[in-house]
Amino acid sequence: MKEQTTQNNRVSSDVIQKALSAYMQAEEANVATVEYVGVLTSELKTQLEEKIVKLFPESATLEFVENPKLIAGLRISFRDQVYDDSVVGRFGKLRSLTVE
Amino acid sequence: MEKLGIDPILIGIQVANFFVLLFLLKKYLYKPVLEMLDKRKNSVEQAEQLRQEMEKQKSARDEEHKQVIDNAKKEAEQLLDEVKQQGETIKKQLQSEAKEKAERIVSKAEAEAQQKEESIRQELANEVKKSAVESAELVLSQQLTDEQKQAILQQAVQRFGN
């Protein structure tokens, strides 16, 4: 009887963990990440939020991360889509275009 | 006649004796000798005919032999000519094939060399371009001021979604 109760508790714990993990994944999937270099003023932030919501209506939350590796500009990632308008991204495109 | 010492009887006997002797000689000596001579003559003639026949046969055989040898020589010469011709043809064919093969090898080697050269040139060009881009990236990362970075950010925000 006791063993049965312990086993049931373990199963419930597994189910909760799986559900939590699925929820977290779903949450992460709806996050649009904005990487940038410089000062993101409230005006620029508002402009970006409006445009992102317009382009990706399913995105629930926005995450802003300063990334000096970009050198300058910004990069927006949502699920498997990436909009790259950074200097590093431009050099990357230039590299792929010039190198045959 | 007696005064001259001639005895007619003796002469008559001697004449008769002569004719008897002549008869005997003719019967027992001349005839066999003549027959023997005839036989001898015939034998010589036969021998001569035989010799001539044999001579003819020998001549014919010699001629035939010569003909056979001549034919054999001609055939041998023809065969030799044919063999020479075939040898020449094979030689030319082999030379031609060898030449073609050599040309193909040279052509292939040239093509490979050209391809390799092109590949190396391309790799070099890529390296130069890559190096140039990396240098430009490095220089830009070190030279951009904060104001310039801010201006770039603003432009990027403006461009986004347009």
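N67(A) is buried, because its relative accessible area is 13% and buried means under 20%, exposed over 50% and partly exposed in between, judged with a 1.4 Å probe and the protein chains only. This residue sits in the loop between β2 (61–66) and β3 of chain A, where helices (H or I, at least four residues) and strands (E, at least two) are DSSP runs numbered from the N terminus. The side chain of N67(A) is joined to that of E35(A) by a polar contact of 2.9 Å, a term for a pair of N or O atoms within 3.5 Å in which, within protein, one must be able to donate a hydrogen and the other to accept it, while residues adjacent in sequence count only if both atoms are side-chain atoms. Leaving out residues up to four places away in sequence, N67(A) touches E35(A), Y36(A), V37(A) and R75(A), with contact meaning heavy atoms within 4.5 Å.

A word on how to read these values: this is a predicted model, in which local features need pLDDT of at least 70 and side-chain atom pairs count only at pLDDT 80 or more, whereas totals for chains, interfaces and linings use all residues. Residues are numbered from 1 along each chain as its sequence is written, chains are lettered from A and ligands numbered from 1 in the order in which they are written, and side-chain values use heavy atoms, with hydrogens and water left out.

Chain A as a whole has three helices and four strands, which follow one another along the sequence in the pattern α-β-α-β-β-β-α. Of its 100 residues, 29% count as buried, and among the contacts in chain A with a separation of 6 or more, 60% come from residues 24 or more positions apart.

V157(B), found in helix α2 of chain B, counts as buried because its relative accessibility is 0%; not counting residues up to four places away in sequence, V157(B) touches L44(A), Q47(A), L48(A), K51(A) and L74(A).

In one of them, the side chains of R90(A) and D85(A) meet at 2.7 Å, N to O; R90(A) counts as partly exposed at 45% relative accessibility, whereas D85(A) is buried at 4%. In chain B, R51(B) and E48(B) also meet in a salt bridge of 2.7 Å, N to O, and both lie in helix α1, three residues apart, about one turn of the helix. R121(B) and E117(B) form a salt bridge as well, and these two residues of helix α1 of chain B are four residues apart, about one turn of the helix. Salt bridges that share partners also join E35(A), R75(A) and D84(A) into one network.

Definitions and conventions
A salt bridge is a side-chain nitrogen of Lys or Arg within 4 Å of a carboxyl oxygen of Asp or Glu.
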